[in-house]
Amino acid sequence: MKNKTNSFLCLIAVSTSFFNCTRSETTADFDLTVAGLICFADGIGRQTIGIIDCLKNDLKINFLNTRNNQMNLQDIAEDTQKIITNQQHGYSNVVILEDVLTNGNPIEELRENYYTLLPESTIKFAYTMFEATTIPDSWPIILNNHFDAAIVPDENLVDVYKNAGVIIPIFVLPLGIYIEDFLAKPQKKSLPNNPFVFGFSGSFAERKNQMVLLESFIYAFGNRADIQLKIHGRSGSEIAQQLKYRVQQLAITNVEIIEECFSWKKYVAFMESIDCYVSLSKGEGFSITPREALALGIPCILSNNTAHKTICNTDLVYAVDCPIVQPAFYSHLNQSIGFDFNCTINDAAQAFIDVYENYKIYLEKAARGKKWVKRYLYNKLRPYYLSLIKPKKVIFGTENYITKDCLITSCRELYQKYKRFLPLKKGIA
């Protein structure tokens, strides 16, 4: 679905999206500045930590906090904490924004423009994702005028951003995830727990579709004592209260709504305690928790839409059809942005029943998933992250693509910018 501003955006001069710079690698203070928020218990806060963790032994890294110096250092390695707490002023060859471009409701003038906080650099990247069929109206203009390229974690997002009017290069680079502790656990047993536990963990949000999750479970199993559902979220919200009220209304005793910001150790234990992970989310930009479940060898039920398709296409999970197209409403923005995709309660209930009755089949799929998901380990993705920040070779070509050995771009301006801090002798093509 094309954004209504497309015709205007096409007139924007490409040259306005690049910043003048004459400094070189020999005068830059840092190879990389990572800008974002810090909170290991939050997906977007964890990705900021992850890129620092991944590259801290290879590059000189600086950190810029986009959230008013509020950060949570729990569960972060000490040497990574030192980088995070030692924010400095200085010039970087590359800056990457790991936070959202802008946040809040522009109508009420409460928007926080995180992209304006970035320090001086040769190249500016935005690591960006969205969960619907398009992105907020302001994002294409911000990306085209203030960044050299957009980095997205899933192939599904390339067309979403292009159709919205983004004309700078778009690179696909999967999000690294911390799954070592999950992979270290033994493969899930052939027999489920007693009672059998279905589980979900994620923010309490309209997009996460927890009410349909609850209703589908009840439709499938009613109040059976031998089958349970646990829905976990990090913080309280109106949706959490609605779920609790619905459980009380139906006098259901086999459903638990958990509102708690788990420590990492407690979160791993929670995931390990369930027999099947279920996410009926109406839209995802990447989706971490199903990959964590697969790393444990736990069967998964996933809504087959947006970035979930990458996982569903592996045939390692039960994929629930999502034929219901509806406006994607974002309560914190107080507006709908594009569309997302919902499933029926009947189809989701059938998924619950099928996994429960054929558990051995789905356990075998999950065992293969335990191997498949290793590609998202940071140590597997590290060469690709390095190729983005400090590539061995840059090629001016017909596409925008990252390999372990080089970065290919169809944008001459970006190609020229890399040449400013990567000497020819290092392999600029």
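The second largest pocket is lined by 15 nonpolar, three polar and five charged residues (Ala, Val, Leu, Ile, Met, Phe, Trp, Tyr, Cys and Pro count as nonpolar, Asp, Glu, Lys and Arg as charged, and the others, Gly among them, as polar). Keep in mind that this is a predicted model, where local features need pLDDT of at least 70, side-chain atom pairs count only at pLDDT 80 or more, and totals for chains, interfaces and linings use all residues. Residues are numbered from 1 along each chain as its sequence is written, and side-chain values use heavy atoms, with hydrogens and water left out.

**Pocket and cavity**

- The second largest pocket has a volume of about 570 Å³; a pocket here is an open set of points on a 1 Å grid over the protein atoms alone, with protein on both sides within 12 Å along at least five of seven lines.
- Of its 23 lining residues (those with an atom within 4 Å of a point), Val-172, Leu-173, Pro-174, Tyr-401 and Ile-402 are the closest to the centre of the pocket.
- Helix 5 (156-164), strand 10, helix 14 (378-389) and strand 20 (401-402) are the elements that give two or more residues to this lining; helices (H or I, at least four residues) and strands (E, at least two) are DSSP runs, numbered from the N terminus.
- There is also one cavity of 30 Å³ or more in the structure, a cavity being a set of grid points where a 1.4 Å probe fits but cannot get out.
- The volume of the largest cavity is about 50 Å³, taken as the space filled by probe spheres set on the points, with grid points joined across faces, edges and corners.
- Among the residues lining the largest cavity are Gly-43, Arg-46, Gln-47, Glu-292 and Tyr-378.
- Helix 2 (residues 43-55) gives the most to that lining, with three residues.
- Sorted by class, the lining of the largest cavity comes out as five nonpolar, three polar and two charged residues.

- Six strands make up an open, parallel sheet in the order 3-1-5-8-9-10; two strands pair if DSSP finds at least two bridges between them.
- Strand 3 (61-65) and strand 10 (170-172) sit at the edges with a single partner strand each, so one side of each has no neighbour in the sheet.
- On average, neighbouring strands of this sheet are turned by 25° against each other, direction ignored; axes are lines fitted to C-alpha atoms, for helices over the stretch in contact, and angles run from 0 to 180 degrees between N-to-C directions.
- Five bridges join strand 5 (residues 92-97) to strand 8 (residues 121-127) in the parallel sense.
- Across that pairing, Ile-96 stands opposite Phe-125 and Leu-97 stands opposite Ala-126.
- Strand 8 also runs parallel to strand 9 (residues 149-152), over three bridges, and there Ala-126 stands opposite Ala-150.
- Seven of the seven residues of strand 8 are buried, so this strand is largely enclosed by the rest of the structure (buried means under 20% relative accessible area, exposed over 50%, partly exposed in between, with a 1.4 Å probe and protein chains only).

- Another open sheet of six strands, with parallel pairing, has the order 13-12-11-14-15-16.
- Strand 13 and strand 16 (318-320) are its edge strands, each pairing on one side only.
- Strand 11 (residues 196-201) and strand 14 (residues 276-279) are parallel partners over two bridges, and Gly-199 has Tyr-277 as its bridge partner in strand 14.
- Helix 7 (residues 210-221) lies across strand 11, strand 12 (227-233), strand 13 and strand 14, at about 175° to strand 12.

**Loop residues to look at**

- Phe-262 belongs to the loop between strand 13 (255-259) and helix 9 (264-272), and is buried at a relative accessible area of 9%.
- Leaving out residues up to four places away in sequence, Phe-262 touches Ala-41, His-232, Tyr-267 and Phe-270 (contact means heavy atoms within 4.5 Å).
- Asn-194 and Pro-195 are joined by a cis peptide bond with omega of about 10°; Pro-195 lies in the loop between helix 6 (180-183) and strand 11.
- Ala-251 has a positive phi of about 55° without being a glycine; this residue is in the loop between helix 8 (238-249) and strand 13 and is exposed, with a relative accessible area of 52%.
- Asp-315, also not a glycine, has a positive phi near 65°; Asp-315 is in the loop between helix 11 (308-312) and strand 16 and is partly exposed, at 46% relative accessible area.
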